[in-house]
Amino acid sequence: MTQLTFTLPKIDREETKKAVEGILEKYRLFLLQVPETKLPKVTATYSLVPPHFGNEFHSSTESAAIEKVDYERQRDAFLQRIQKAVNRLALKERQIIIERYMLPEEQYDYEVYNKLGMSERGYYRVKGKAFYKLAFALNLKIFEEDLLEAK
């Protein structure tokens with residue numbers, strides 16, 4: 001009896017990293033549009049907990065502005081999708097991604113690894129793993145053969 005084998009296509013790490021960073025920047029921009037009362041809070045264990053308001057009626061303007069509501073629903077679904085993916089990461093990976101990309105104020109990499117008490121090399125290794133996992137969780141992975149076909 002022979003063992004079933006298959007080969008996975010090789011991932012273009014640089015293009016995948018750009019795609020993940022782009023999504024995380026989009027996340028930060030969308031957060032600017034969310035009222036402060038609806039922003040997710042970062043807990044002490046570095047997980048994002050979105051607030052829940054249920055089916056409350058807010059104003060007659062919202063019910064009349066269907067396009068705005070649809071946009072907000074899509075935006076909120078996007079934010080929740082990113083939050084769920086980040087919450088599935090390991091603790092150190094989650095800390096890095098939240099500190100570097102998901103808080104309203106921007107921080108540089110060196111500020112984050114100093115704040116978390118990590119070495120520069122260890123920080124980039126863990127960050128790379130987190131990006132790789134996020135690329136799969138968010139279906140953002142870019143394969144080298146896809147790039148060859150596009151050219």
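**Figure 1. The whole chain.** Two residues are in contact when they have heavy atoms within 4.5 Å. With that in hand, look at the chain as a whole: of the contacts between residues at least 6 apart in sequence, 69% join residues at least 24 apart. This is a predicted model, in which local features need pLDDT of at least 70 and side-chain atom pairs count only at pLDDT 80 or more, while totals for chains, interfaces and linings use all residues. Residues are numbered from 1 along each chain as its sequence is written, and side-chain values use heavy atoms, with hydrogens and water left out. You can find seven helices and two strands here, where helices (H or I, at least four residues) and strands (E, at least two) are DSSP runs numbered from the N terminus. Starting at the N terminus, their order is α-β-β-α-α-α-α-α-α. The chain exposes about 10600 Å², and 54% of that comes from carbon and sulfur atoms; accessible areas come from the Shrake-Rupley method with a 1.4 Å probe, and for residues only the protein chains shown count as cover.

Figure 2. A residue is called buried under 20% relative accessible area, exposed over 50%, and partly exposed in between (1.4 Å probe, protein chains only). Of the 151 residues in the chain, 34% are buried. How many of the twelve residues of α4 are buried? Ten are, so this helix, residues 91–102, is largely enclosed by the rest of the structure. Among the buried residues of α4 are E93, R94, I97, Y101 and M102.

**Figure 3. The largest nonpolar core.** A nonpolar core is a set of buried Ala, Val, Leu, Ile, Met, Phe, Trp, Tyr and Cys residues joined through side-chain atoms within 4.5 Å. The largest one here has 25 residues, and those with the most contacts inside it are L24, Y27, I82, V86, I97, M102 and L134. Two or more residues of this core come from each of α1 (13–33), α3 (66–87), α4 and α6 (120–137). Helix α1 gives the largest share, six residues. Apart from this core lies another, of seven residues, including V112, Y113, M118 and Y123.

**Figure 4. L24 and F131, two residues that touch.** Not counting residues up to four places away in sequence, L24 touches I82, I97, Y101, F131 and L134. Now turn to F131, which sits in helix α6. Is F131 buried or exposed? It counts as buried, because its relative accessibility is 5%. Leaving aside neighbours within four places in sequence, F131 is in contact with K17, V20, E21, L24, I97 and Y101. F131 and V20 are 111 residues apart in sequence, yet their C-alpha atoms are 6.5 Å apart in space.

**Figure 5. The second largest pocket.** Rolling a probe the size of a water molecule over the atoms shows where empty space is left. On a 1 Å grid over the protein atoms alone, a pocket is an open set of points with protein on both sides within 12 Å along at least five of seven lines, and lining residues have an atom within 4 Å of a point. The second largest pocket holds about 190 Å³ of space, its volume being the space filled by probe spheres set on the points. Which residues line it? They are R13, T16, K17, D109, Y124, K127, G128, F131 and Y132. Helix α6 gives the most to this lining, with five residues.

Figure 6. K84 is in helix α3 and counts as exposed because its relative accessibility is 59%. The C-alpha atoms of K84 and A137 are separated by 9.2 Å, although these residues are 53 apart along the chain. N139 belongs to the loop between α6 and α7 (144–150) and is also exposed, with a relative accessible area of 56%. Most residues other than glycine have a negative phi. The phi of N139, though, is positive, near 55°.

Notes:
On a 1 Å grid over the protein atoms alone, a cavity is a set of points where a 1.4 Å probe fits but cannot get out, and a pocket is an open set with protein on both sides within 12 Å along at least five of seven lines; lining residues have an atom within 4 Å of a point.
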